[in-house]
Amino acid sequence: MHYYSTVIHIYATIAFIIVIIVIGVPMWWKTTEVYRVSLPYAEIRALDEEPIKATFRLGLYCQSAERREILAFELRKKFEQNYLQLLTLDAETVSGVKTPARLEAELLQRYPASVGQFMFIEWHKLDDDILVTSERTAFISESATSLKAYQVLSSWILQEYKLKAILGSRDMQQTTKGLRQLRLNSAPLQSQYEVLITVLNPRPDLQKVHWNARAAAENYIQPFLDELSLGITNFTIKTQWIYQVGLEGVGAQPKQVQDESKLGRHYALSEDSLPHIITALEKKLGTQITDNPCIHLVVYVPPCGQAPLSIYRKDGQRASSLSANVEAFTSAKWGGVVFANPSEATCARYMETEQFSEVYIHAQDVMPVLLYQLRKIFDLENNSPLLDTTLVPYNTIEPRAWEVDTFIRTNTIYLVHSATTTLQSLIQLLGGIEYIVINDEVGASIKNAYRRIVEAKQTLLTGQVEQAARLAREAYTSAERAFFDPSMLALLYFPNEQKYAIYIPLFLPIMIPVVFSIITILKYFRNRTATGVYLFLLFWLYLLQLYLGLFE
C-alpha cells in the first residue's frame with residue numbers, strides 16, 4: 001500500500017511539473033510578449049543604396065542638321081542620364097514659318113511637351129543667346145553654345161542647386177551658406193494646405209473698406225494654386241474679415257515722417273518690427289480650427305490717421321514700394337502681409353473733415369502682390385540672372401509651365417527623400433527598442449511607404465513626373481502616419497526589465513518546490529532499474545523539445 005501511494009505521489013508531482021512548464025510558462029510568455037508585425041528591415045535600410053534619379057526629356061530643333069548634331073553631342077555629354085530627342089520639320093512647313101511663335105506652335109503640335117519635358121528651338125533673329133518662354137520651350141540663337149544651354153537647364157529649368165540642398169550635397173562649387181538657408185526656408189510639401197486671405201480693418205468706426213475678397217481669390221489665387229496642385233498637394237482657399245485688430249508687438253507703432261507729398265507725411269515701420277507684427281497677428285487669425293498647415297495672406301488697411309504706411313530697412317532707407325498704395329513683406333513658411341494704403345485723395349478728404357471715409361481696394365493693386373508672395377513662399381521666384389539670357393515677362397496669372405514642372409519634380413524628390421529618412425529613422429528606433437508595439441496598422445503604413453518609395457524612384461527614372469508625384473505624396477503620408485502613430489507608445493515605459501521585476505516574485509515561490517520535486521523524482525528513479533532511468537531521461541528530453549518548439 002505504501003508503494004502505490006509513493007508512485008501516485010511521484011506521478012502527481014510529474015503532472016504538476018508538466019502543467020507549469022509545458023502550459024503555464026509558455027502561456028505567460030505569449031500573453032506578456034509585445035506584438036510586433038514583421039517588417040522589411042534590411043530592405044528599408046538599403047533604400048539609400050539606390051540614389052534618387054529623375055530622367056529629363058529634352059527636345060532640340062535646329063535648321064542646320066550639322067549644328068543640331070554638334071549641340072546634341074555636347075548636351076548628351078553633360079546630361080548622360082537623360083533623353084535627348086532631335087526634332088525636325090519638313091521643308092514645306094519650315095518655308096511657311098515667318099515668326100518664332102508659329103515655329104513654336106508647329107513643333108508643339110508635332111512633338112507635344114508633357115510634364116517634365118523641355119524643348120530648345122533655334123531662331124535666327126534673337127537679341128540674346130537664349131529666350132526662355134512661359135511654355136516648356138526656349139529659343140536659342142544661331143550663336144548660342146551648348147554651355148549656355150546647359151546653364152539655363154541647370155539653373156532655371158532643373159534648378160540643381162535645390163536638389164543638392166534637398167539631398168544634402170556638399171558640392172564645393174555651391175555656397176554652403178546658400179544651401180543652409182534653402183534648407184531652413186524649405187519643408188516637405190504637405191498633402192493639404194489652407195490658404196487664408198484675411199482683410200484687417202483696425203478702425204471700422206472711421207472707415208469702411210470696399211473689396212470683394214472672395215471674388216478676387218477665385219479670379220487670381222485659385223487659378224494660380226490649381227496649377228501647383230497637380231497630383232502633389234491640395235489647396236483650400238478661405239477668406240475672412242477681422243475688425244478692430246491693429247498692429248501690435250515691439251516697435252509695431254508706426255512713426256510719422258515728414259515728406260513732400262500732398263499729405264505732407266507718411267508713417268514708417270521698421271524692418272525689425274515685422275516679425276513681432278506677425279507673432280501678434282497669428283494669435284487673432286483663428287487658424288487653430290484646422291490641423292492642416294495654413295498659408296496666411298493678410299491685407300491690412302490702415303486708417304487715414306496712420307496712412308500711408310511704409311517699411312524701412314535696417315539701414316534707415318525706405319524699402320522700394322511695389323505700388324503707389326501698396327507695401328508688403330513675406331515670411332517663409334508662414335505667408336505674407338500687404339499694407340493696402342487708402343488713396344491719397346481719400347486721406348486728404350479725411351484730413352479736411354475728419355469724418356467717416358470710404359476706402360476702395362483695387363484688385364489690380366493688391367492681387368499681383370499676393371501672387372508674388374505665393375511665388376516666394378513656394379520658391380518659384382528664385383531665378384538667378386544669367387548673362388545673355390532673357391526670361392519672357394508674365395502674361396498670365398498662372399505660373400510658367402516649366403516652373404510648374406520644376407516645382408513638381410523638386411518636391412517629388414523632396415518627398416521621396418523625406419519619406420526614406422523617416423522610414424529609416426523609424427526602423428532604427430524599432431530595431432533598438434524591442435518593447436515598442438508594432439500593430440497591424442503601423443506595419444501596413446510602413447510597408448506601403450516602402451513600396452511607394454520604390455515605385456516613385458522607378459517612375460522618376462522613366463520620366464513620368466506626375467505619377468511619381470502621386471506615389472511620393474502617398475509614401476510621405478504613410479511614413480509620417482507610421483512615425484507619429486500613438487499606439488507605439490503603449491509600452492514605451494514598460495521595458496522587459498520591469499516585466500521581469502514584476503513576475504519573478506510571483507513565479508519564484510512556485511518554482512522552488514518544483515525544483516525540489518524534480519530532485520525527489522530523480523532519486524526515486526535512481527533506485528529503480530537502469531531502464532527506468534533511461535525512460536525518465538527520454539521523457540524529460542521530449543518535454544524539453546516540446547517546450548522549445550512552442551517559442552519558435
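This note sets out several points on a predicted model of a protein chain.

1. Overall make-up. The protein chain has 552 residues, of which 44% count as buried. Its secondary structure comprises 17 helices and 16 strands.

2. Contacts and surface. Among contacts in the protein chain with a separation of 6 or more, 74% join residues 24 or more positions apart.

3. The buried side of α10. Helix α10 spans residues 274-282, and its buried residues are Leu-274, Ile-277, Ile-278, Ala-280 and Leu-281. These residues lie on the same side of α10 because they cover an arc of only 165° around the axis. As background, an α-helix has 3.6 residues a turn, so residues three or four places apart point the same way.

4. What covers α10. The cover over the buried residues of α10 includes several strands. Among them are β6 (192-201), β10 (265-270) and β11 (294-300). Strands β12 (309-312), β13 (326-331) and β14 (335-340) also contribute to this cover.

5. A nonpolar surface patch. Tyr-500, Ile-504, Leu-508, Ile-512, Val-515, Phe-516 and Ile-519 make up a nonpolar patch on the surface. Together these residues have about 660 Å² of accessible area.

6. Phe-516 belongs to helix α16, which runs over residues 496-526. Is Phe-516 buried or exposed? Phe-516 counts as exposed because its relative accessibility is 55%, and the cut-off for exposed is over 50%.

How values were computed. Residues are numbered from 1 along each chain as its sequence is written. This is a predicted model: local features need pLDDT of at least 70, side-chain atom pairs count only at pLDDT 80 or more; totals for chains, interfaces and linings use all residues. Side-chain values use heavy atoms; hydrogens and water are left out. Buried means under 20% relative accessible area, exposed over 50%, partly exposed in between (1.4 Å probe, protein chains only). Helices (H or I, at least four residues) and strands (E, at least two) are DSSP runs, numbered from the N terminus. The arc is that of the directions from the helix axis to the C-beta atoms. Contact means heavy atoms within 4.5 Å. Patches are made of residues with over 30% relative accessible area and no salt bridge: like charges are joined within 9 Å, nonpolar side chains (Val, Leu, Ile, Met, Phe, Trp, Tyr) within 5 Å. Accessible areas come from the Shrake-Rupley method with a 1.4 Å probe; for residues, only the protein chains shown count as cover. A salt bridge is a side-chain nitrogen of Lys or Arg within 4 Å of a carboxyl oxygen of Asp or Glu.
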